[in-house]
Amino acid sequence: MQASADIRTLERNVFINAITKIKSENKGFKFILVVDTMTLPAISALISTTELIEHNVILTELYEKKREPFPMYQAIYLLHPCVDIKQFIADFSDKTPLYAAAHLLFTYTCLPSTMSALESHPEVVNHILTFLDLWIHYQPTQPGVFMVPSPRAYKFLYSPNSPVDFNAISDEINYGLISFFLTIKAIPSIAYPKSMDKIKRFCTKFNDQLMGVTRELDDGGRSLNKDNTLLLIIPRGADPITPLLHRFTYQSMIYENFPVENDCVYLKEGDPNSVVALNPYEDKIFNDYCYKHFQKFIEIRDLSSQVTQTHKIITDPNIDKTSQKYAEAMKRYIRDQSYATTVSNHLDICIRLDEALTKRCLADISKYEQQLAAKEKDGSSYKPNLSDLQDIIIKQGPEPMDKLRALAVYQLSGGKISDTELERLLEAGSLTTGNWKDAILNLKYLGDAAPRQSLREVNPVEEPFVTDIYYPYAAQACMDAIDGKLDKKCFEIPTHTGRYTNVVLFFFGGVSFAELEKVELLRQRMKSTKIYVGATNTLTPRQFLAQTRGLTSTQ
C-alpha cells in the first residue's frame, strides 16, 4: 500500500503532541487517561499502552464507569463531542475531586451545550488546566482510508419510511469529515449526484458547518488550502452490485469466511498465539497481501519452509557451531523466526479459504456474477436468464448466502423474476429463513444505479488469478474526477481549472473491500494525486444484504 497518504500518522501526531505538551507543562505529575466508550476503539488503534506510559500515562479508564479517586494524579479526558458532560462535572464537584486537575480534550470540538453546562459550574472549571479541540473525530483504518462510523447512514438514504433524523445523521458524519479535512489542511470543493435530494441537503449542511468551524479557528482558516481538494460523494446505491460480488483477495475472503471480532481472527479459542490482526499497521503480511488473491500466499509458504529448513540446520547435532554455515543459518533463523508464528497463522487461514473455494464452487459462482454484472460472457453480450440462475440456486456445494448474493446480482443486473418464481428459488436455495426475501424485495428502494462509461479497467493489471470483467463504478468515477471528466448530467460539479492535488471519495452508506482494492490500484498508478477513501462503514456482502433487509423495518 502507498504510504504517502497515511492519515493515521497525522492523527497520531495531533494526539501525541497534545499529551507531550501536557506532560512538559506539568512536570512531576503522572496521569490517568479517561476515555468514553465511543472514543476508546479509535484511540486504542492510534497509540499503544507502552507509548502512553512513556508520556507518564499510567492508567486508562472508561469515562462512563465508576472510577476510584486518584487525587495525587492529573487526568487527561479524551471525549466524544456528544458525551454527557455531567459525569465530568461530577468528578470535580465534590470537596474531594477524583483527580488533582483535569486536561479536557475533545475529538471534535466542545459543543455549545457542553460549554454552557461547564460554565454553569465555575468550581469545576477551576480544575481544568487544558481545554483543547483536537479535530481527530475519525478512524484511520489503512493508509489513505478512514471511517466515520454511521451505521444509520444507509437507512437514512434509502428507507421508504426512514425514522432517522436528518440533523442527527448529518452531524454524526460531518464531525468526522470536518476533522479529516482539518487534518489534511484543506477546504474541499464538493461533487455529488444531482438526483438525490438528501445528498444535496447533506452537502449544503456540511459546507455550512465547515465554514463555521474555520471562522472559529485561531487563524480564521487562513492556513487551509481552498483550491486543491475535491470531495466526491458516492451514495451506496450508485453501485449496489460491487459489494455482492465474490472476491478472492485475501482481505475480502477473510471477512466473508471467518468470524471477525474487532478486526481480529481467532483461529483457536483461548490461544493468544493464534490471533491474526487484520490491521496493516500491526501485521506486515496482511498489509502486503490484503489486496492480492489469497492463493498468492505460495510466497509466504516458501518463507515458512525456509524457517523450517533453517531450524533443521541449527539443531543438527553434527553441525560445527563454529562454522560459517552455522553462523549464517543462525542469523537467518533469528531474522525469520519473528515471522514464524504469524506466517503459520496466515497459512492456516489460506488452507481453510482454499477448501471453501473448492467445496462451495465459488469460482463458478464468481464467474456467473461477473457475467451478470458486466453483461458479457466469453467476449459477447449477455442477458440475464432464469435458467442460468436456477442452475446456481440448485447447485450442490454453495452455501445459502452464496446463492442469495447471486440472486441479488441477477435482480440488480436487470433480470426479471416474478413473485412466484422468487418464492420457488428461495425455497430451492434454502433461503426461506432469516427474512432474506426482504433483502431482495428492498433492492428496488436503491433506485437506478449510476450510469457507467466503462465496465473495464483502463490498462488492467495483468496477473494470475484475476477474473474480473466488471469494473466498480467508484473507481471509474475516481479516474473521471482526477481527469476532470465527471459527467455533468449526473453530478453537481464545482468550477475548477487544472487537476486537484487531493481527491477524497466518501462512500455514504458503506464501502466494500473490492472498492478499496481498486482505488488502491489507482493510488499506485496516479502518484501525482493523493487519493483518500472515507466511508460510513466497511461492508461485507452479508452486511450489505442485512442493511438492505432492514430498510423496511421501523427500528
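**Entry 1: the model**

I am working from a predicted model. I keep that in mind for every value below.

**Entry 2: enclosed space**

I began with cavities. Rolling a probe the size of a water molecule over the atoms shows where empty space is left. How many cavities of 30 Å³ or more are there? I count three.

I took the largest cavity to start with. Its space comes to about 70 Å³. The lining consists of 13 residues, and those closest to the centre are Ser252, Glu256, Phe513, Leu539 and Pro541. I then sorted the lining by class. Seven of its residues are nonpolar, four are polar and two are charged.

Which helices supply at least two residues each to this lining? I noted α10 (250-257) and α20 (513-525). The top contributor is α10, with three residues.

I also asked where the largest cavity lies relative to the domains. Residues of domain 2 (140-239 + 472-550) and of domain 3 (250-360) both take part in the lining, so the cavity lies between these two domains.

Next I looked up the second largest cavity. It holds about 40 Å³ of space. I wrote down its lining: Thr242, Leu245, Arg247, Gln370, Asp468, Tyr470, Pro472, Ala514 and Lys518. By class, I get four nonpolar, two polar and three charged residues.

**Entry 3: ring pairs**

Aromatic pairs came next. A pair of aromatic rings is described by the distance of the centres and the angle of the planes. My search of the whole structure turned up 23 aromatic pairs.

I examined Tyr77 and Tyr99 as one of them. Their rings are edge-to-face, with 6.2 Å from centre to centre and 75° between the planes. This pair links distant parts of the chain, as the two residues are 22 apart. Tyr77 belongs to strand β3 (residues 74-79). Tyr99 is in the loop between α4 (86-93) and β4 (102-106).

Are these two tyrosines buried or exposed? Tyr77 has 0% relative accessibility, so I list it as buried. Tyr99 is at 2%, so I list Tyr99 as buried too.

Then I checked Phe180 and Phe181. They form an edge-to-face pair, 5.1 Å centre to centre and 75° between the planes. Both of these residues are buried.

**Entry 4: charges over rings**

I looked for charged ends placed over rings and noted two cases. The charged end of Lys198 sits over the ring of Phe156, at 5.1 Å from the ring centre. The charged end of Arg201 sits over the ring of Phe166, and here the distance to the centre is 4.0 Å.

**Entry 5: backbone angles**

I went through phi values. Most residues other than glycine have a negative phi, and most peptide bonds are trans. I noted two positive values.

Trp135 has a phi near 60°. I place Trp135 in the loop between β5 (128-133) and β6 (139-142). The relative accessible area of Trp135 is 13%, under the 20% cut-off, so this residue is buried.

Asp378 has a phi near 50°. I find Asp378 in the loop between β13 (376-377) and β14 (380-381). Is Asp378 buried or exposed? Its relative accessibility is 68%, over the 50% cut-off, so I count Asp378 as exposed.

**Entry 6: Gln142**

From C-alpha to C-alpha, Gln142 and Asn56 are 28 Å apart, and in sequence they are 86 residues apart.

Conventions: Residues are numbered from 1 along each chain as its sequence is written. This is a predicted model: local features need pLDDT of at least 70, side-chain atom pairs count only at pLDDT 80 or more; totals for chains, interfaces and linings use all residues. Side-chain values use heavy atoms; hydrogens and water are left out. On a 1 Å grid over the protein atoms alone, a cavity is a set of points where a 1.4 Å probe fits but cannot get out, and a pocket is an open set with protein on both sides within 12 Å along at least five of seven lines; lining residues have an atom within 4 Å of a point. Grid points are joined across faces, edges and corners, and a volume is the space filled by probe spheres set on the points. Helices (H or I, at least four residues) and strands (E, at least two) are DSSP runs, numbered from the N terminus. Ala, Val, Leu, Ile, Met, Phe, Trp, Tyr, Cys and Pro count as nonpolar, Asp, Glu, Lys and Arg as charged, and the others, Gly among them, as polar. Domain bounds come from an automatic or database domain assignment. Rings of Phe, Tyr and Trp (its six-membered ring) pair if their centres lie within 6.5 Å; planes under 30 degrees apart count as stacked, over 60 as edge-to-face and the rest as tilted. Buried means under 20% relative accessible area, exposed over 50%, partly exposed in between (1.4 Å probe, protein chains only). A charge sits over a ring if NZ of Lys or CZ of Arg is within 6 Å of the ring centre and within 35 degrees of the ring normal.
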